[in-house]
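Welcome! Take a moment to look over the model below, and then we can walk through it together.

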Amino acid sequence: MSPIRVLIADDHALVRAGFRGLLLGIEGVEVVAEASDGQEAWERIAAARPGLALVDISMPGLNGIELTARVAAEQPATRVIILSMHATEDYVLRAVRAGAAGYLLKDARPVELEWAIRAVDRGETYFSPAAATHLANHFRRGGVNSRLESLTPRQREILQLIAEGHSTKEIARLLKVSVKTAEAHRTQLMMRLDLHDVAAVVRYAIQVGLVDPAS
Amino acid sequence: VFRFERLREVARGDVASERWLLAALLADAAASLEEVGAALGASAAARVAALAHGLHGACLTVGADSLAAFCHDLERAARGPGLPDACQTLNAFRREYDALRAVVADYLLGGEAAPR
């Protein structure tokens, strides 16, 4: 039986060394390449064509989610398992939407890593219990984003207008409220969503489908 | 402070690998301590968050749970509305680093922290 060929992409050498060690302990698994950023990972995936890539979310340049989307679109023979420190709902959903076949935490036990590798190699998916819980909750709610649900209808409306590029003054005019009121809604929704600048608001609105990135 | 069981899993029981991983971790932590100090001095919150995030991942991978938890809190604080107090943060970071160094030294010398 041919070995499962794996690439490890993480910007931290110690994390790569740790996962290399864990993978070496799994029979029939071969680490064929490593990369310290998203672009390097992409180049190595294109060159080495591993069957599986363990990809960190937070990498400089091309991040793990963007890399996953690119691999899914252009190198579908390589399946991606996301490595992360946290399984927040946003991260998990973004990973799934990008085409990830799995989601593991960085402190995953060796046995869990092996389950994930073997499942994904068989063409199945593997999500750590924390990630799977977020997925189940998401679909139980009918696919609605939990943070988005925490907003009032007015805040959601303002979120969409911000993401569409409207200034606070324009939003106030469009909604027929004072600039001060529009500003207060804007501040509150950013606090609830834990977003700290307009760029993050736009990204979030695209991610939850409130605005079309092409528009 | 340190989950040595995790280190042994990662190193597959190979003592040379364990030593390499521990030395690399201490070097990373020391470098991050310096860089976080500089970033706090420059009020560069995003840099503090990025450094804490990177070290957090390394710590989790090899079992440095206490420093990982500190990094997690530091990253959250740096991503919050105000930059964390530089002096308090660096003192807390130094305490975590010193504790890690002590337990690693004890482990390498075969002391009580080495539950083999």
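## Charges and overall build

Let's begin with charge: chain A carries 25 positive and 26 negative side chains, and the centres of these two sets are 6 Å apart. Keep in mind as you read that this is a predicted model.

Chain A is built from 11 helices and 6 strands. Its C-alpha trace spans about 70 × 35 × 30 Å along the principal axes. Of its 215 residues, 46% count as buried. The chain exposes about 10,100 Å², and carbon and sulfur atoms supply 53% of that area. If you consider the contacts in chain A with a separation of 6 or more, 63% of them are between residues 24 or more positions apart.

## Where the two chains meet

The contact between the chains takes 19 residues from chain A and 22 residues from chain B. About 1,700 Å² is buried between them, with carbon and sulfur atoms giving 66% of this area. On the chain A side, H12(A), L14(A) and M85(A) lose the most area to chain B, and together they make up 35% of what that side buries.

You can find P110(A) in helix α5 of chain A, residues 110-121. Leaving aside neighbours within four places in sequence, P110(A) is in contact with L22(A), R6(B) and E9(B). Its relative accessible area is 24%, so P110(A) counts as partly exposed, since buried means under 20%. From P110(A) to T133(A) is 23 residues in sequence and 21 Å in space, C-alpha to C-alpha.

Why is helix α1 of chain B, residues 4-11, described as largely enclosed by the rest of the structure? Because 7 of its 8 residues are buried. Those buried residues are F4(B), R6(B), L7(B), R8(B), E9(B), V10(B) and A11(B).

After α1(B) comes R12(B), which has a positive phi near 55°.

## Positive phi in two loops

Most residues other than glycine have a negative phi. D194(A) is not a glycine, yet it has a positive phi of about 55°. D194(A) sits in the loop between α10 (179-193) and α11 (198-207) of chain A. Its relative accessible area is 52%, so D194(A) counts as exposed.

S43(B) lies in the loop between α2 and α3 of chain B. Is S43(B) buried or exposed? With 54% relative accessibility, S43(B) is exposed.

Terms used: Residues numbered from 1 in each chain as written. Chains lettered and ligands numbered in written order. Predicted model: local features only at pLDDT ≥ 70, side-chain atom pairs only at ≥ 80, totals over all residues. Heavy atoms only, no water. Helix = DSSP H or I, 4+ residues; strand = E, 2+ residues; numbered from the N terminus. Buried < 20%, exposed > 50% of the residue type's maximum accessible area, 1.4 Å probe, protein only. Contact = heavy atoms within 4.5 Å. Areas by Shrake-Rupley, 256 points an atom, 1.4 Å probe, with all protein chains shown as cover. Lys, Arg positive; Asp, Glu negative; His and termini not counted. Charge placed at Lys NZ, Arg CZ, Asp CG, Glu CD. Buried area = accessible area lost by both parts, 1.4 Å probe.
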